[in-house]
Amino acid sequence: MRRPHPRFDETRNAWVTRAGGQLKILAKGPENAETEAIAWAAFYVHMAKLGQPVEAASIPKMTLGELSDRYGEWMEREVAAERMKPRTRDYYRDHLQTF
């Protein structure tokens, strides 16, 4: 089953969703970042009214250095599994060391 979400309907010139079984217009207007943001806000309210609140994307808090360390660990695993060449890892590792 697909997760409900807003989508732009060109015939209605509006952002809509079928969450809850019926078509719900979330925001009218052209397809752009502003109307999309309004549609997502309306979508969260709509889902909460249906009793199925959707959590906003939670991003784990980490420093840029921690992120680059994790990326380096992932590259090591990719090289060990032979899905990445050591030369590629070395190229990116040099750039990541600046962080």
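Guide: On one side of H1, Ala-33 and Glu-34 are exposed. Bear in mind that this is a predicted model.

Visitor: Which residues of H1 are buried?

Guide: Thr-35, Ala-39, Phe-43, His-46 and Met-47 are buried in H1. They cover an arc of only 105° around the axis, so they sit on the same side of H1. Ala-33 and Glu-34 are on the other side.

Visitor: What do the buried residues of H1 pack against?

Guide: They pack against strand E2 (14-17) and strand E3 (24-28).

Visitor: How do you know that the span of helix H1 agrees with its number of residues?

Guide: H1 has 17 residues, 33-49. At 1.5 Å a residue, they should span 24 Å. The end C-alpha atoms are 24 Å apart, so the two agree.

Visitor: What makes Asn-32 a cap of H1?

Guide: A side-chain oxygen of Asn-32 lies 3.1 Å from the backbone nitrogen of Glu-34. The cut-off for a polar contact is 3.5 Å. After the helix comes Gly-51, with a positive phi near 85°.

**Salt bridges**

Visitor: How many salt bridges does the structure hold?

Guide: It holds 6 salt bridges. One of them pairs Arg-12 with Asp-9.

Visitor: Why is the pair of Arg-12 and Asp-9 called a salt bridge?

Guide: The closest N and O atoms of Arg-12 and Asp-9 are 2.6 Å apart. The cut-off is 4 Å, so the pair counts.

Visitor: Why is Asp-9 called buried?

Guide: Its relative accessibility is 10%. Buried means under 20%, so Asp-9 qualifies. Arg-12, at 42%, counts as partly exposed.

Visitor: What makes Arg-93 and Glu-76 a tie between parts of the chain?

Guide: They form a salt bridge, with the closest N and O atoms 3.6 Å apart. Arg-93 lies in helix H3 (residues 86-96) and Glu-76 in helix H2 (residues 64-80), so the pair ties together parts that are 17 residues apart in sequence. Arg-93 is partly exposed at 33%. Glu-76 is partly exposed at 36%.

Visitor: Is Arg-89 buried or exposed?

Guide: Arg-89 has a relative accessible area of 14%. That is under 20%, so Arg-89 is buried. Asp-90, at 28%, is partly exposed.

Terms used:
Residues numbered from 1 in each chain as written. Predicted model: local features only at pLDDT ≥ 70, side-chain atom pairs only at ≥ 80, totals over all residues. Heavy atoms only, no water. Helix = DSSP H or I, 4+ residues; strand = E, 2+ residues; numbered from the N terminus. Expected span 1.5 Å × (residues − 1). Buried < 20%, exposed > 50% of the residue type's maximum accessible area, 1.4 Å probe, protein only. Arc of directions from axis to C-beta. Contact = heavy atoms within 4.5 Å. Polar contact = N/O pair within 3.5 Å; in protein donor to acceptor, adjacent residues only side chain to side chain. Salt bridge = Lys/Arg side-chain N within 4 Å of Asp/Glu carboxyl O.
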